[in-house]
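This briefing describes the helix packing and the aromatic pairs of the chain shown below. Please read it alongside the sequence and the structure.

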Amino acid sequence: GWICELARKLKPNAPINERYPQELLIDLWFNAQRRIEEGHWVDATARLYRLTELIAQYRFSQRGWDTAHLEMAKFPKELQAKYEQLRDEEGRVKVGLQQAYELLTELGDPVGQRYDQRLQDALRARNESIGGHGLRPVTEEDCHKLADAVKCLLDKVLSNRQEDEERAHFAKLLH
């Protein structure tokens with residue numbers, strides 16, 4: 001079923017516009033939800049953080065762009081100089097999570113505009129945790145705030161999220 005469908009679509013060497021299927025976003029969302037139900041806040045938060053990155057990568061892939069190797073020729077002229085400064089020693093222009101959402105905003109993408117202070121604050125809990133770059137424990141409240149913010153992003157990118165969620169939902173075994 002769902003897992004086989006997702007596995008068939010995951011092709012790391014596929015053209016960029018085929019590399020990030022919607023099913024991957026839904027699957028990672030459900031993985032995070034399962035970890036929340038189990039009370040594993042750090043793990044759930046890490047998955048939600050990765051999902052936030054994947055959502056941006058998905059949006060760029062729809063344009064035929066790769067966040068790990070942006071082609072300046074595809075950029076609007078007014079943005080080229082700003083992002084050209086990010087070129088690394090290997091000649092690639094890469095953007096991280098925050099820069100990706102900033103660029104989406106500059107391109108007028110509604111998903112970029114959802115990267116607001118509430119989402120940034122929620123992501124900070126992951127960055128300050130042992131699963132990120134710090135030592136602060138992730139609380140249940142931190143995790144739920146991030147899940148709520150990420151759900152808003154998913155609602156912007158997935159046209160038929162509820163239908164996909166019904167297909168992707170794992171059966172629960174009773175004890």
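What is the handedness of the crossing of α7 and α8? The crossing of α7 and α8 is left-handed, a term used if the near helix is turned anticlockwise from the far one by less than a right angle, with right-handed used if clockwise.

This is a predicted model, in which local features need pLDDT of at least 70 and side-chain atom pairs count only at pLDDT 80 or more, whereas totals for chains, interfaces and linings use all residues. Residues are numbered from 1 along each chain as its sequence is written, and side-chain values use heavy atoms, with hydrogens and water left out.

**Overall architecture**

- The secondary structure of the chain consists of nine helices and zero strands; helices (H or I, at least four residues) and strands (E, at least two) are DSSP runs, numbered from the N terminus.
- The pattern along the sequence is α-α-α-α-α-α-α-α-α.
- Of the 175 residues, 43% count as buried (buried is under 20% relative accessible area, exposed over 50%, partly exposed in between, with a 1.4 Å probe and protein chains only).
- Among contacts (heavy atoms within 4.5 Å) between residues at least 6 apart in sequence, 61% join residues at least 24 apart.

**Packing of α7 and α8**

- Two packed helices are described by the angle between their axes and the distance between the axes.
- The axes of α7 (residues 117-127) and α8 (residues 140-157) come within 9 Å and cross at roughly 135°; axes are lines fitted to C-alpha atoms, for helices over the stretch in contact, and angles run from 0 to 180 degrees between N-to-C directions.
- Helices α7 and α8 are therefore oblique to each other (under 35 degrees counts as roughly parallel, over 145 as roughly antiparallel, 65 to 115 as roughly perpendicular and the rest as oblique).
- From α7, Arg118, Leu119, Ala122, Leu123 and Ala125 meet Asp142, Lys145, Leu146, Asp148, Ala149, Cys152 and Leu153 of α8.
- This contact of α7 with α8 has eight nonpolar, no polar and four charged residues (Ala, Val, Leu, Ile, Met, Phe, Trp, Tyr, Cys and Pro count as nonpolar, Asp, Glu, Lys and Arg as charged, and the others, Gly among them, as polar).

**Packing of α2 and α3**

- Helix α2 (residues 22-37) and helix α3 (residues 41-62) have axes that come within 8 Å and cross at roughly 165°.
- The two helices, α2 and α3, are therefore roughly antiparallel to each other, and their crossing is left-handed.
- The residues of the contact of α2 with α3 divide into 13 nonpolar, two polar and four charged.
- Tryptophan 29 lies in α2 and is buried, with a relative accessible area of 6%.
- Tryptophan 29 and leucine 48 are 19 residues apart along the chain, and their C-alpha atoms are separated by 7.1 Å.

**Aromatic pairs**

- The whole structure holds four aromatic pairs; rings of Phe, Tyr and Trp (its six-membered ring) pair if their centres lie within 6.5 Å, and planes under 30 degrees apart count as stacked, over 60 as edge-to-face and the rest as tilted.
- Phenylalanine 60 and tryptophan 65 form a stacked pair, 6.0 Å centre to centre with 25° between the planes, and both residues are buried.
- Tyrosine 101 and tyrosine 115 also form a stacked pair, at 4.8 Å centre to centre and 15° between the planes.
- Tyrosine 101 lies in α5 (residues 97-106) and tyrosine 115 in the loop between α6 (110-113) and α7, so the pair ties together parts that are 14 residues apart in sequence.
- Tyrosine 101 is buried at a relative accessible area of 0%, and tyrosine 115 counts as buried at 13%.
- One aromatic cluster is formed by Phe60, Trp65, Phe75 and Tyr83.
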